[in-house]
Amino acid sequence: MLVSKYKQHAVNMRKNILKMVTEAKSGHPGGSLSAVEILTALYFTQMDITQENLNSIERDRFVLSKGHASPVLYAVLCEKGFLLEEELCTFRKIGSRLQGHPSMRMLDGVDMSTGSLGQGISAAVGMALSNKAHQKPYRIYTLLGDGELQEGEVWEAAMCASHYQLDNLLAFVDFNGLQIDGNICDIMNPTPIDEKFKAFGWHVITLEDGNDIEQVIQACEEAKTIKGKPTVVIAKTVKGKGVSFMENQYTWHGVAPSVEQCEEAIQELEGGRS
Amino acid sequence: MAKIATREAYGKTLVELAEKDDHLFVLDADLSGSTKSGMMKKVAPHQHFNMGIAESNMMAVAAGMAASGNTVFASSFAMFATGRAYEQIRNSIAYPKLNVKICASHAGITVGEDGASHQTVEDISLMRGIPNMLVVCPADANAASEAVKAVYKKEGPCYVRLGRSGVDEVYTEGAVPFTLGKGNVLHKGEKVAIIACGMMVQEALLAKEQLQKEGINPTIVDMHTIKPIDEELLVSLAQTHTLFVTCEEHSIIGGLGSAVAEVLVQKAPRKQVMVGIRDLFGESGTPAELLSKYGLTAQHIVEAVKKNME
């Protein structure tokens with residue numbers, strides 16, 4: 001029953017992602033679609049975020065380190081009721097609160113301004129460090145792209161999180177295998193990702209299917225039991241998930257569909273495939 | 001009189017501030033002994049985090065801590081703080097207007113023997129170009145202490161440029177007039193206005209002594225805040241002065257001289273001469289040798305004034 005509810009959220013979010021990038025005529029659909037289940041699981045089953053505490057730091061927080069996937073963040077904030085669906089069509093337009101990459105000063109519910117890869121995870125480390133220092137119980141979540149792992153700063157942050165034993169930090173890697181120029185292993189191979197994080201002192205959870213929300217929820221629950229070290233969930237996902245002509249195509253990293261393509265994709269999503 | 005480095009004052013002031021504020025955190029990148037950020041560990045050991053030799057991560061961690069309701073001081077050598085981590089400062093600190101105070105030591109060529117790799121002559125230029133960033137370069141240890149207290153009270157991103165070498169006392173301890181964005185007129189003269197920042201303020205004062213002997217009585221301004229620059233003061237000086245001489249231990253491209261020129265050229269054009277580093281890298285040597293070789297002594301200021309007076 002619950003899972004079917006989450007599935008409906010995921011379908012709604014995918015439709016909104018497609019509508020946003022189509023209306024904007026730019027943006028990043030592929031890596032937004034691949035992360036839908038991760039954000040659904042976090043915002044609907046893990047984080048204690050509400051309309052009342054939206055602007056507070058006295059709650060769990062999420063940093064979208066792969067800031068170009070902003071449509072999935074806006075979509076989940078909309079799905080939670082923090083953002084009206086009408087506003088989604090302003091995405092990337094002049095005067096909009098929905099910037100191309102998320103700005104915490106423009107939109108309530110965005111916990112950190114991101115967009116330049118590698119920096120979000122460091123900011124998340126800072127938040128987790130602050131929560132530790134002030135003995136606050138809230139957890140910090142962050143989502144990295146797999147291509148983002150090519151940024152050296154990610155590994156500076158990984159070293160730091162482990163050094164300060166930040167067990168209140170949970171990082172996801174959206175392991176869809178593709179980046180803007182092609183296959184991550186052809187561009188600059190970041191694998192084996194699990195062994196790298198292990199070597200940096202993290203608890204590593206690998207998900208066979210990061211588009212299966214039950215697996216994501218289970219991983220979040222396991223992470224809460226890990227003490228003295230941060231946890232990373234390496235979630236194998238499908239870039240462009242849910243839209244057959246986008247799936248596993250790196251060309252859909254940063255290109256908007258046409259109006260016709262968008263309609264076709266939405267029909268497919270409404271047909272029950274997700 | 002003993003010469004004290006501005007970084008010493010930074011360390012001491014942090015001790016005072018950290019003792020009273022458990023939401024003040026200090027980050028350093030393995031240079032806490034040199035930047036003096038580590039002095040506060042005596043009173044608040046749990047509020048100091050060493051980030052290791054990883055400046056980029058340090059700046060974005062500082063941003064995350066500031067986004068969690070803290071005031072964060074982040075220190076390293078000015079070269080690495082502003083150069084290595086420039087983009088983290090821009091995107092993770094300044095763009096979201098977070099409460100991080102970048103207090104960087106070993107700025108300019110008076111780093112000395114370490115040579116050009118460690119002597120930033122472009123940090124003011126880098127930081128000044130970033131929206132939301134405030135830029136301060138105190139003249140002596142007493143002013144540095146006030147500068148640190150002032151940026152602590154000021155919400156938002158700030159850059160404080162500190163030096164390695166000892167500088168003469170320009171101000172008396174406990175009697176430093178210091179308001180962010182307001183330059184200090186240290187001496188009221190006529191015709192020539194010498195506008196200096198950082199350790200060049202002491203050189204400007206020495207230049208004044210010599211110029212007075214030759215019948216020239218210049219106005220001396222300590223322009224400790226380079227951004228926002230004190231436009232009001234500059235425009236008012238332009239009414240009574242015909243020559244402006246800017247002095248900085250920094251490249252003449254993008255630093256104090258540029259900031260002053262941007263005001264004058266738009267609001268009250270006057271002849272301006274820039275004493276500073278002329279688009280060059282530094283090199284190894286003693287601070288005194290380097291200041292002399294790169295044209296940053298009182299004598300150079302005197303010559304610049306005499307050559308350009310009508």
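Predicted model: local features only at pLDDT ≥ 70, side-chain atom pairs only at ≥ 80, totals over all residues.
Buried area is the accessible area that two parts lose on being put together, summed over both. Domain 1 of chain B spans residues 6-161, and domain 2 of chain B spans residues 184-308. Their C-alpha centres are separated by 26 Å. To the contact between them, domain 1 of chain B contributes 27 residues and domain 2 of chain B contributes 32 residues.

The area buried between the two domains of chain B comes to about 2,200 Å², and carbon and sulfur atoms account for 57% of this area. On the side of domain 1 of chain B, I109(B), V121(B) and R128(B) together provide 32% of the area buried against domain 2 of chain B, which is more than any other three residues provide.

R128(B) also takes part in a salt bridge, in which its side chain meets that of E262(B) at 2.8 Å, N to O. The count of salt bridges between domain 1 and domain 2 of chain B is one. Polar contacts between these domains of chain B number 20 residue pairs, counted with both residues at pLDDT 80 or more.

Two elements of chain B, helix 6 (123-128) and strand 5 (134-136), each supply at least two residues of the side of domain 1 that touches domain 2. Helix 6 of chain B gives the most to this side, with four residues. By residue class, the side of domain 1 of chain B that touches domain 2 of chain B consists of 14 nonpolar, seven polar and six charged residues.

Definitions and conventions
Residues numbered from 1 in each chain as written. Chains lettered and ligands numbered in written order. Heavy atoms only, no water. Domains from an automatic or database assignment. Contact = heavy atoms within 4.5 Å. Buried area = accessible area lost by both parts, 1.4 Å probe. Salt bridge = Lys/Arg side-chain N within 4 Å of Asp/Glu carboxyl O. Polar contact = N/O pair within 3.5 Å; in protein donor to acceptor, adjacent residues only side chain to side chain. Nonpolar A, V, L, I, M, F, W, Y, C, P; charged D, E, K, R; others polar.
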